[in-house]
Amino acid sequence: MNDRRRGWERYLPGVAVLRRYERPWLRGDLVAGITVAAYLVPQVMAYAVIVGLPSVVGLWAILLPLLLYAILGSSRQLSIGPEASTALMTAAGVGALVGAVGAERHAEVAAIFAIAVGIVCLAGWVLRLGFLAALLSRPVLVGYMTGIGLLMIVSQLGKVTKLDLDGGHPLLEVWSFLTQLPQAHLPTAALSLGLLVLLFLGRRLIPKWPSPLIVLLLGAAAVALFNLQRFGLETIGSVPTGLPAPRVPALGDISIWALLPFAVGIAVVGYSDNVLTGRAFAAKRRESIDASQELLALGAANVATGFLQGFPVSSSSSRTVLGDSAGSRTQLHSLVALLCVVAVLLFAGPVLATFPTAGLGALVIYAATRLVDTAEIKRIAHFRRSEIVLTVITVAGVLAFDILIGIGIAIALSILDLIRRISHPHDGVLGYVPGVAGMHDVEDYPGALQVPGLVVYRYDSPLFFANAENFLNRAQHAVETAEQPVHWFLLNAEANTEWDLTAVDTLELLRENLEAAGITFAMARVKQETRDQLEHIGFLEKVGPSHVFATLPTAVQGYIRWHEATFGAAPAGLPGQAPRHSG
């Protein structure tokens, strides 16, 4: 029964969490759901306009994704629905195809895009491609979130100043903002700045209260009570009402091959957003994200919204951080947001009509600052220089290019850095340390004593083509720099968990070179899987069964026995901890 339960919980993680729901979580989820809903309504309506659809379609497009992700998603904080980058990519794809099939099919093509993106994600889930998310290291993750935070801030500069910014690129938009700043609309800028200050003060003074929602309501109340619209302040305005009817979009004369590249691109960007954002917020709470399950959840959400006249969806960093800052604890906050959206569609639209758009911009900027984790950036910088370089390059890649290219550059550099470190790992010659059990690196313990005539060598990495030559050179260097004549070279293979054929050939070359110099090659602590591989290829036969040992003490004892048989006595000056031959 337990195995069966664990089986269904794997595919319905949201349901599993809700089954174990704890009462103290309820307040945070309710507040977070309402806060996220207050922000997403105008946001997703704007994204629908970007795609070239009526604004109400944005509200339609978020209904089923919120429900399905709450059931299938593995992140407790992630907010699913229309998102900026996928909306822009969808607009480009729909625009390219509508030219061939006719503008009257604009909405239908957008819905087909959603279904196609969902099918791509589901195919990735079936093929178990979720492992690709493992390429996203912690420095890449922190850099990505920092870049997204900066992009979010730049995207709101025009909204909080009522300036029409030129550009299309973050740097150009910043330059346009700076050059036009004297023409900023003062009432809009003043309200934005005031609400932004209140947001930061609320976080410090009333951390347990839903300060984002309170500040947003204060802004709406100020606009309504003092009739601030007469000064040119913009508000959300009327919200369309009514629920969508399910419909199957007709593929008609749309070419699948023309559709596929756009669908794959949107799926890759959307999935990258899901995993990166989900992992970042899960890490804060010591939770985990199932990368494969995210493909299933995102695929189902897109297919479903396509049949509800929607367009492709992904995760929203801004809405996720808003929910997190408001206290979200589980997927229940998404269900609360869903109920709020339904209420808006049916009868609560006028409640949001007086929300100032400048206040929403201030709220996004506030949320974006929480994505820039300066403490974590400092920690990465203190750990290793190459790690902070990856973080900086990821930030630069996200800002200079689009999100997908920035992530790709960072992943490529992560792999190169990993290969660099594996190809030149730590190694050491081992000896006995007085008062410390076992054998240890003589460089770490200057007082360590080596067994006379025996070099015990450890290479701390899997052995493969990229480091085979480095291993050979450093192993021979350990023999050449030994203080006493060497009789045996003992390879401690405990860290060599993987081997390839190049490494085995290099090991044979080392054995032959040592044998030519009159030195015996021996091995200890060889993993059973590795031992079987070395035996099948004939290497162990050349080494000899008597020179392959299960542990270091038995290997040292084997050397002592050999020394006694060869020279008639144990090695002179044998360290006190070295095992003596008792036979």
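Guide: Helices (H or I, at least four residues) and strands (E, at least two) are DSSP runs, numbered from the N terminus. This is a predicted model, in which local features need pLDDT of at least 70 and side-chain atom pairs pLDDT 80 or more, while totals for chains, interfaces and linings use all residues. Residues are numbered from 1 along each chain, and side-chain values use heavy atoms, without hydrogens or water.

As an example of a helix, α3 spans residues 26–51 and contains Thr35, which is buried at a relative accessible area of 2% (buried is under 20%, exposed over 50%, partly exposed in between, with a 1.4 Å probe and protein chains only).

Turning to your request, the structure holds 10 salt bridges (a side-chain nitrogen of Lys or Arg within 4 Å of a carboxyl oxygen of Asp or Glu). Arg384, Glu387 and Arg421 are linked in a network of them: Glu387 meets Arg384 at 3.5 Å, N to O, and meets Arg421 at 3.8 Å. The latter pair links distant parts of the chain, 34 residues apart, with Glu387 in helix α17 (residues 385–400) and Arg421 in helix α18 (residues 403–423). Glu387 is buried, with a relative accessible area of 13%, whereas Arg384 is partly exposed at 29%, and Arg421 is also partly exposed at 29%.

Elsewhere, Glu494 and Arg525 form a salt bridge whose closest N and O atoms are 3.0 Å apart. Glu494 lies in the loop between β6 (488–492) and α20 (501–516), and Arg525, 31 residues away, in the loop between β7 (520–524) and α21. Glu494 is partly exposed at 24%, and Arg525 is partly exposed at 37%.
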